[in-house]
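Thanks for asking me to look this one over.

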Number of protein chains: 2
Amino acid sequence: MAEQQLLEKYAELALKTGVNLQKDQALVINSSIEGADFTRIVARKAYELGAKNVHINWTDDELTLLKFEHAPEEVLTNIPSWQVEKHLDFAKDGAALLAIRSTNPDLLKDIDPAKVAKANKASGEAMKEFRQYTMNDRIAWSIISIPTGDWAQKIFPEKSREDAIESLWDSIFKIVRVDKEDPVAAWEKHNQLLHQARTYLNKKAYRALVFKSEGTDIRFELPEGHIWKGGSAETTGGVTFNPNMPTEEVFTVPHKYGVNGKVTAKKPLVYGGNMIDGFSLTFKDGKVVDFEAEKGYDTLKHLLDTDEGASRLGELALVPHASPISQSGLIFYNTLFDENASCHIALGKAYPTNVEGGSDMNEAELDKHGINDSLTHVDFMIGSAELDIDGETADGNLEPVFRQGAWAIDFNE
Amino acid sequence: MAEQQLLEKYAELALKTGVNLQKDQALVINSSIEGADFTRIVARKAYELGAKNVHINWTDDELTLLKFEHAPEEVLTNIPSWQVEKHLDFAKDGAALLAIRSTNPDLLKDIDPAKVAKANKASGEAMKEFRQYTMNDRIAWSIISIPTGDWAQKIFPEKSREDAIESLWDSIFKIVRVDKEDPVAAWEKHNQLLHQARTYLNKKAYRALVFKSEGTDIRFELPEGHIWKGGSAETTGGVTFNPNMPTEEVFTVPHKYGVNGKVTAKKPLVYGGNMIDGFSLTFKDGKVVDFEAEKGYDTLKHLLDTDEGASRLGELALVPHASPISQSGLIFYNTLFDENASCHIALGKAYPTNVEGGSDMNEAELDKHGINDSLTHVDFMIGSAELDIDGETADGNLEPVFRQGAWAIDFNE
Ligand SMILES: [Zn+2]
Ligand SMILES: [Zn+2]
Ligand SMILES: [Zn+2]
Ligand SMILES: [Zn+2]
């Protein structure tokens, strides 16, 4: 277990900078039982900060695995209405949502990927209404991570379980700036830098971005009125929050029908407890028309088959290869970390907030604007030290955006 | 932690003899996080026995306490409809319910008893429909206990936390016959003995029982058609199950309007995280008209004030003073154990199954038959080595039932 003082600082950061908990607000926490010690600290601090209620949705890896091993498909795909109602109840009451993730990347590796895909799809369908609250920033939400033994040993296979957990805590504390004297202030400064980048890109309003590196040659058209976001976000009610901690990305939405070329992933992707690695996708008019994978081909296939939108893109994110996470030299097998070490794109649903007026558009309008919809949203990493990115201006000129994995722009100019 | 082999046997006993889990049935488990290791064993075994789904309602003492300390009354008394729906959903699907209790008897000792009472009442009201399923044996349910550190140290205050937990495991294993070679068979034999006693009392059909010991002189009228139960029960669907493990009692329902005299409790009662001790109650025509308590007077007052039925009785149970739990010489501060060491009565709701045709009666009919209703049902212990009980026959004769805390009857005659 990590030092008590750092855990307290981390809990406070998650509440203040993460969900920006307000007095008399309810807080919903998703946590594993293995993380109970930390979660209890968060709950106590939340009440101290004036939460009127802290509700915890406990999960347990071992029970999840048992269920996938033994329960019949109709149980795995039946998301009871009380479960949906629970989430909606809290959302309608304006609760903040803190997800404390700590999964084992290999948890479901021996489970038939088709089974996992069906369960994920059922959950995605049932939670459609609730997802509007998070993906349209109607409530404040934040995702953070804490170690489990299995996850830590996946990252540090040569270490003992205890040492691996300790090392992962150290890495996380560093990456989310909990080791700084005043983490909340450090995050404010960090957010300013991300806001500079997104302001620059919003002013440029590129028609498209072109990515080139080994195995990658692809043009992402950007919809008219697309918005670059990154760092802190704001709820429709005006509360500033940080959806992801860590976060190093600025991101927007690629055009649903305007992606052409081939991308190769540069890091493994853990999806639904299964790993996909050494994979590339070929797009035509926004849709995946071909793909290959050295590992997890079936899982990738099931992911792409989730629904119509799962084989189109919903996010395009820029992260310098020299980001603190990248510099740690570690592969985390956890999207929250790995996506913030690398430029990435996401299959599936786009954030409606990434386009002018998107929060108020219905599905048909979003489609017309080139904004993708799906039950799923899965990021994967395509950045590297060799990646070059050009921005295509309205008159067709190309301007350097990234060179050799780093910003080609000096935002202070 | 106790020996793995004994834990496995205990889990198996709870599933086979406790809820008698059927193939393709769902199982709902209520468990504390502190008991996760044991609960995981139960879940694994349940799936191995053919459960189609194991759903766990996790609780955590620390979070419960935090909530009572910080949350406003409207949060504490608001039982959301999804929570009710969750329980009803499983009940309607015929799920079995296993409660693995492991609470700290002093958990809420610093919380205003009025607050606790209001929260309990709200939950009692919200769960009224669901309670029909358990109290009318429409589903199979069972309550068992496992140690927590706080609870174990309350029983063994002179021991280290670890040793206290170890000792409590040992006591529990002994009391629930897990130390026997074949616990399931041992329970069958035990149930036969309890069935002998209840058959005898059912044949006798006493008009009343009269209890006499130090501080106690009271006559309990028994309703016409009252039924003595004890040991295993049967669901309306015909599945044999054991609602409590341990259980040493045979019990019936005293007449709602026919209790007169004074009883003195012989053991402390833990109610809603608070202790009531050294208390006695005076009844007139079934209702508490006077009471005193050396400790927890306010908690007792709030309990009696829960509703109209909380100051009348719903259960009368006979347990020889020489029961295995009593012989352990321990006070468990846990009703499941303490009630099975002593004759006891319960304030509040009666089991409709304790009267001929009761399961099909509505509230008015139950009242007419002298069967009490309430949001609450709280047992407290009135037995001792000095207790004498007489049975009053239809023609007014008195027959010895208990002498000096033991059966005055030889069931094998
Ligand atoms: Zn992203
Ligand atoms: Zn994403
Ligand atoms: Zn009883
Ligand atoms: Zn009882």
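The points below go through the metal sites, the domains, the chain contact and a few individual residues.

1. First, the ground rules. This is a predicted model, in which local features need pLDDT of at least 70 and side-chain atom pairs count only at pLDDT 80 or more, while totals for chains, interfaces and linings use all residues. Residues are numbered from 1 along each chain as its sequence is written, chains are lettered from A and ligands numbered from 1 in the order in which they are written, and side-chain values use heavy atoms, with hydrogens and water left out.

2. Please start with the zinc ion (ligand 1). Its donors are Glu249(A) (OE), Glu315(A) (OE), Glu339(A) (OE) and His344(A) (NE2), at 1.9 to 2.6 Å. Donors here are N, O and S atoms within 2.8 Å of the metal (3.2 Å for Na, K and Ca), and because water is not among the atoms, sites may look incomplete. The four donor atoms subtend angles of 71 to 139 degrees, so the arrangement is irregular.

3. Along the chain, the donors of the zinc ion (ligand 1) are spaced E-x65-E-x23-E-x4-H. Glu315(A) also bridges to the zinc ion (ligand 2), with 3.5 Å between the zinc ion (ligand 1) and the zinc ion (ligand 2). Glu315(A) sits in strand β15 (residues 313–318) of chain A and Glu339(A) in the loop between α13 (335–338) and β16 (344–348), so this pair, 24 residues apart, links distant parts of the chain. Helices (H or I, at least four residues) and strands (E, at least two) are DSSP runs numbered from the N terminus. Glu315(A) and Glu339(A) are both buried, where buried means under 20% relative accessible area, exposed over 50%, and partly exposed in between (1.4 Å probe, protein chains only).

4. Now turn to chain B. Which residues coordinate the zinc ion (ligand 3)? They are Glu249(B) (OE), Glu315(B) (OE), Glu339(B) (OE) and His344(B) (NE2), at 1.9 to 2.6 Å. The site is irregular, with angles of 72 to 140 degrees among its four donor atoms. Glu315(B) coordinates both the zinc ion (ligand 3) and the zinc ion (ligand 4), which are 3.4 Å apart. Glu315(B) lies in strand β15 (residues 313–318) and His344(B) in strand β16 (residues 344–348) of chain B, so the pair ties together parts that are 29 residues apart in sequence. Glu315(B) is buried at 2% relative accessible area, and His344(B) is buried at 0%.

5. Next, the domains of chain A. Domain 1 covers 4–175 and domain 2 covers 183–407, with bounds from an automatic or database domain assignment. Their centres, taken over C-alpha atoms, are 23 Å apart. Their contact (heavy atoms within 4.5 Å) takes 44 residues from domain 1 and 45 residues from domain 2. About 3,800 Å² is buried between the two domains, with carbon and sulfur atoms giving 64%. That area is the accessible area (1.4 Å probe) that two parts lose on being put together, summed over both. Met135(A), Asp137(A) and Ile175(A) supply 20% of what domain 1 buries against domain 2, more than any other three residues.

6. Although not a glycine, Asp137(A) has a positive phi of about 55 degrees. Asp137(A) lies in the loop between α7 (128–135) and β4 (141–145) of chain A and is buried at 6% relative accessibility.

7. Between the chains, the contact takes 27 residues from chain A and 27 residues from chain B. Chain A and chain B bury about 2,600 Å² between them, 67% of it on carbon and sulfur atoms. Arg40(A), Tyr47(A) and Trp82(A) supply 27% of the area that chain A buries against chain B, more than any other three residues.

8. Finally, please check the backbone at two prolines. The peptide bond between Met245(A) and Pro246(A) is cis, with omega about 5 degrees, and the bond from Met245(B) to Pro246(B) is cis, with omega near 5 degrees. Pro246(A) is in the loop between β9 (240–241) and β10 (250–252) of chain A.

Definitions and conventions:
Four donors count as tetrahedral if all angles lie between 85 and 135 degrees; four count as square planar and six as octahedral if opposite donors are over 155 degrees apart and all others between 65 and 115; anything else is irregular.
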